[in-house]
Amino acid sequence: HTQYDAETRLLSCGGEWNLASLTELQHFFEKIQWPTYGEIKISGKDVSVMDSAGAWLLNEWILKLQAKNVKVSLRDFSDKAATLIDLVRERTK
């Protein structure tokens, strides 16, 4: 289960981040009142599955936040998920 805590500015990613959950995750992201300055942290500690679609979605939102001058830091992602996120980021530049 993925949730965002506006007070601590922590996005806790959980569950499946894959093509099957893409629409649901997209709707979730659109409902969040994202900050317009400062920093947010994104934790992948509870992600059970991530495929390239999930990594693409995460990267898209990171880019949107960075465009608003919000610094984004990732933490607690598995090595496999972190590698996939980096790979997708490089391919979509």
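A: At 11% relative accessibility, Asn18 counts as buried, where buried means under 20% relative accessible area, exposed over 50% and partly exposed in between (1.4 Å probe, protein chains only). This is a predicted model, so local features need pLDDT of at least 70, side-chain atom pairs count only at pLDDT 80 or more, and totals for chains, interfaces and linings use all residues. Residues are numbered from 1 along each chain as its sequence is written, and side-chain values use heavy atoms, with hydrogens and water left out.

Asn18 sits in the loop between strand S2 (10–17) and helix H1 (22–31). Helices (H or I, at least four residues) and strands (E, at least two) are DSSP runs, numbered from the N terminus. Leaving aside neighbours within four places in sequence, Asn18 is in contact with Val49, Asp51, Ala53 and Gly54. Contact means heavy atoms within 4.5 Å.

Now the whole chain. The protein chain has three helices and four strands. Their order along the sequence is β-β-α-β-α-β-α. Of the contacts with a separation of 6 or more, 76% join residues 24 or more positions apart. Buried residues make up 41% of the 93 residues.

The radius of gyration of the protein chain is 12 Å, which agrees with the value near 12 Å for a compact globule of 93 residues. That radius is taken over C-alpha atoms, and the globule rule is 2.2 Å times the number of residues to the power 0.38. Along the principal axes, the C-alpha atoms fill a box of roughly 30 × 30 × 25 Å.
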